[in-house]
Every structure is written in structure tokens, then in C-alpha cells.
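Subject: Handover of a structure and findings

Dear colleague,

Please find below the structure that I am handing over to you.

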Amino acid sequence: MRIMNFNKRKVDLKNWGAISAADWKNWEWQAKNRIRTLPKLAGYFGLSSETVQPLKTVAGVYHFSMTPYYLSLINKEDESDPIRRQCFPDIKEVQFTIDGVPDPLEEEACMPVPGLVHRYADRCLAIATNRCVTYCRHCNRKRMWGKNLPTRQKDYLKRMVDYVASSPVIREVIVSGGDPLTLNESLLDWFLGSLRSIRHVDVLRIGSRMPVVMPMRITHDLCRMLRSNRPLWFNTQFNHPRELTMESARACDMLLEAGIPVSNQSVLLKGVNDDYEVMRDLVYGLQRLSVRPYYLFQCDPVAGTDHFRCDILKGMAIIEKLWLNVSGLCLPRYVIDSPGRGGKIPIQPFSLLADRSQAH
Ligand code: SF4
């Protein structure tokens with residue numbers, strides 16, 4: 001594949017002390033050097049103590065973490081930078097006028113064993129971990145951040161495998177989190193292999209934001225391991241065209257070369273991508289990467305995310321314009337996820353349909 005026309009910014013390694021280009025490309029270096037404390041955040045962005053003070057309240061409720069790579073996508077001079085908005089703690093997370101609830105999809109009520117969400121008959125979701133390398137401020141599982149697992153990690157995963165093995169209706173398992181690619185690689189291989197060995201499980205799916213927030217994590221070893229557990233689909237979450245860098249393009253290409261289809265599930269976020277041109281550039285960029293724009297989610301009413309939620313009419317206007325102007329291969333389905341077993345409700349561009357029905 002030609003890896004071209006992606007965000008080729010110049011990374012200033014001096015921000016990180018005496019490191020080499022090889023360090024920068026090493027995912028373990030990236031994970032170890034995440035910014036996770038307010039003094040480090042203040043140092044990196046040059047924040048005053050008045051700016052930092054309110055962030056203490058937010059950080060006391062929702063912790064934060066950002067990889068050096070993801071930080072390198074941010075324009076430090078712009079407080080409303082769309083990448084910054086996705087990872088930088090905001091006082092609005094704890095000061096709101098209308099707030100959501102911790103678990104709007106009622107996942108906890110659909111867990112036959114801890115961490116295993118069984119909302120639809122033929123598939124289930126395994127929340128393999130609650131850890132991520134970058135904590136997205138709009139995350140719909142903020143409620144889980146920082147909590148201890150009920151048991152040892154392998155026992156926790158084994159109970160999920162046992163449940164799936166005893167449920168012949170399940171043909172697909174979505175392994176998500178948190179980010180499952182934060183798990184130890186041999187443990188993840190064991191988990192995927194155990195699910196794969198269940199006769200009635202046809203397909204595995206991984207949900208991970210690593211290609212977006214730390215693309216170095218997609219290594220040849222990881223791709224080999226994932227390849228050995230095929231059929232396996234990979235879903236990621238690019239929300240803005242500036243996240244499509246040479247590094248993330250390479251990560252997606254490696255997965256595709258390993259025979260793993262990659263799809264994208266964006267979330268419609270106020271101040272990030274609630275704009276036709278931004279969304280058009282994102283879906284065009286994804287198509288150039290052979291990554292399928294699969295869903296555009298209306299942001300769930302999760303506690304601490306009210307400032308990200310857009311009016312549905314605005315989302316419909318964006319999707320209508322996409323329908324009119326971009327090819328079908330670039331079109332994501334705009335959906336609202338509903339609680340419990342209600343499923344995903346597609347939002348169609350009704351005015352277009354109405355216009356056409358009048359024309360005939
Ligand atoms: S990577 Fe996914 S699970 Fe982790 S914080 Fe972001 S949206 Fe939430």
C-alpha cells in the first residue's frame with residue numbers, strides 16, 4: 001500500500017530529554033513515558049498554577065494518561081485543539097448542567113459473569129481489562145477506570161471463557177476494554193486461543209484504540225499472534241483526520257497485511273468532529289488506508305461527557321451531506337446505542353428519503 005498524504009508533522013524529541021528516534025518508535029518507551037500526573041502535564045503544556053488548580057478536582061474523579069505519541073499530535077498553542085479535547089482533563093467533566101449516568105447502556109445488568117456483557121443472543125463483549133494507555137475523556141466506560149478486578153487477571157478471563165463455552169448461542173466474541181492490547185501478549189494469546197478453541201465460536205473481534213493513540217504497539221510479533229487467532233476482526237476509533245498519521249497508517253497496514261480486516265467506529269464529539277468537512281476528510285483518509293468507516297456513534301449519555309454531546313439534528317445534517325457527496329464505501333452508519341438489549345438504532349437522513357419519495 002502507498003502510505004502517503006497522512007499527517008507528517010515534525011516530532012520535537014527534545015520535549016522528552018535525551019532520547020533516540022528508536023526510543024520514540026518503541027511502544028514500551030511510549031507506555032513508560034506517558035503523562036499521568038498534574039506536575040508533568042503542567043510542565044509539558046507550560047500551564048500556570050491557576051490553570052492546574054481546577055484540574056485537581058477532575059483528576060480526583062477521573063484519572064488521565066496520554067502517550068508521548070498522542071501528545072505530539074496536539075497544537076500546544078490551541079486550547080480547543082481537537083486532539084487535546086479528547087485526552088486533556090476538563091473541569092466540565094465534574095461541573096455540568098445536565099449529566100448522564102455512569103452506565104447508560106446498562107452493561108452491568110447484562111453481565112452473567114464479571115466483565116462479560118451478553119446483550120445480544122449471538123455475540124458477547126468481553127471487557128478484558130479496564131486499562132488504556134490514553135484515557136479518552138468521552139469514554140463510555142469511564143465508570144471502570146482505576147477499579148480493581150474482582151480476581152487475578154487470568155481467573156477473571158477464565159470465567160468468561162467458561163461462560164462462552166457453556167453458551168452455544170454465542171458465535172462471536174468482541175474482546176474490548178479498556179484496551180485489550182494493554183494485556184500481556186502471552187495472556188492475550190491464551191485468552192484468544194481459548195475462545196477460538198470453542199467449537200461454536202466462529203469469529204473474534206478486537207476493539208482497540210492503539211492504532212490511534214500508540215500505533216507502535218502494532219508490532220510484527222503482535223500481528224503474527226493475532227493472525228494465528230483468525231478469523232479475527234479489528235475495530236478501532238479514529239475521530240479526527242489529524243489522527244491519521246504515517247505511524248497510524250503503518251499500524252493499520254500491518255494488521256491488513258496480516259489478513260485482519262480493520263474497521264473504524266467514530267464517536268460524534270462536539271468541538272472535535274461535529275463538522276462536515278472534518279468528517280469527510282476523516283472518512284476519505286480511512287478509505288485511503290483500506291479501513292472501513294463502519295459506525296458513527298452518537299455520544300452516549302455517560303456521566304462526565306455532557307460537554308461532548310451534539311444535537312442529533314446536527315449529526316443528521318452531517319450524515320446527510322456525506323450521503324450526497326461521498327462514495328458508499330466511505331459512509332459510516334450513524335447510530336444511537338440503546339440500553340440493555342435494545343441494540344443500535346440507525347439514524348437515517350429522513351429529509352433525503354422524503355425528497356426522493358416525493359420525486360416519484
Ligand atoms: S481507548 Fe477506548 S476504552 Fe480506553 S479510554 Fe479510550 S474509549 Fe475508553
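Predicted model: local features only at pLDDT ≥ 70, side-chain atom pairs only at ≥ 80, totals over all residues.

Residues are numbered from 1 along each chain as its sequence is written, and side-chain values use heavy atoms, with hydrogens and water left out.

Overall fold

The secondary structure comprises 14 helices and nine strands; these are DSSP runs numbered from the N terminus, with helices being H or I of at least four residues and strands E of at least two. The C-alpha atoms occupy a box of roughly 60 × 55 × 45 Å along the principal axes.

Of the 360 residues, 56% count as buried. Here buried means under 20% relative accessible area, exposed means over 50%, and partly exposed lies in between (1.4 Å probe, protein chains only). The accessible surface comes to about 16300 Å², and 52% of that area belongs to carbon and sulfur atoms. These areas come from the Shrake-Rupley method with a 1.4 Å probe; for residues, only the protein chains shown count as cover. Among contacts with a separation of 6 or more, 80% are between residues 24 or more positions apart, a contact being heavy atoms within 4.5 Å.

The largest pocket

The largest pocket has a volume of about 1000 Å³. Of the 43 residues lining the largest pocket, N140, R141, S176, Q265 and F297 are the closest to its centre. On a 1 Å grid over the protein atoms alone, a pocket is an open set of points with protein on both sides within 12 Å along at least five of seven lines, whereas a cavity is a set where a 1.4 Å probe fits but cannot get out; lining residues have an atom within 4 Å of a point. Grid points are joined across faces, edges and corners, and the volume is the space filled by probe spheres set on the points.

The lining of this pocket divides into 19 nonpolar, 14 polar and 10 charged residues. In this scheme Ala, Val, Leu, Ile, Met, Phe, Trp, Tyr, Cys and Pro are nonpolar, Asp, Glu, Lys and Arg are charged, and the others, Gly among them, are polar. Strand β7 (residues 292-298) supplies the largest share of the lining, with four residues.

Backbone features

The peptide bond from G177 to G178 is cis, with omega near 20°, and G178 lies in the loop between β3 (172-176) and α8 (185-196). A cis peptide bond also joins R230 and P231, with omega about 0°; P231 sits in the loop between α10 (220-227) and β5 (232-236).

E106 is not a glycine but has a positive phi of about 55°. This residue, E106, lies in the loop between α6 (82-87) and β1 (116-120) and is partly exposed at 42% relative accessible area. S290, likewise not a glycine, has a positive phi of about 65°; S290 is in the loop between α12 (276-288) and β7 and is partly exposed at 48%.

Individual residues

L116, in strand β1, is buried with a relative accessible area of 0%. Beyond its neighbours within four places in sequence, L116 contacts C110, M111, C124, L125, A126, M160, Y163 and V164. By contrast, L116 and E77 are 39 residues apart in sequence and 42 Å apart in space, C-alpha to C-alpha.

S263 lies in strand β6 (residues 262-268) and is buried at 5% relative accessibility. Leaving aside residues within four places in sequence, S263 is in contact with F234, N235, T236, V291, R292 and Y294.

N148, in the loop between β2 (123-127) and α7, is exposed, with a relative accessible area of 74%.

With kind regards
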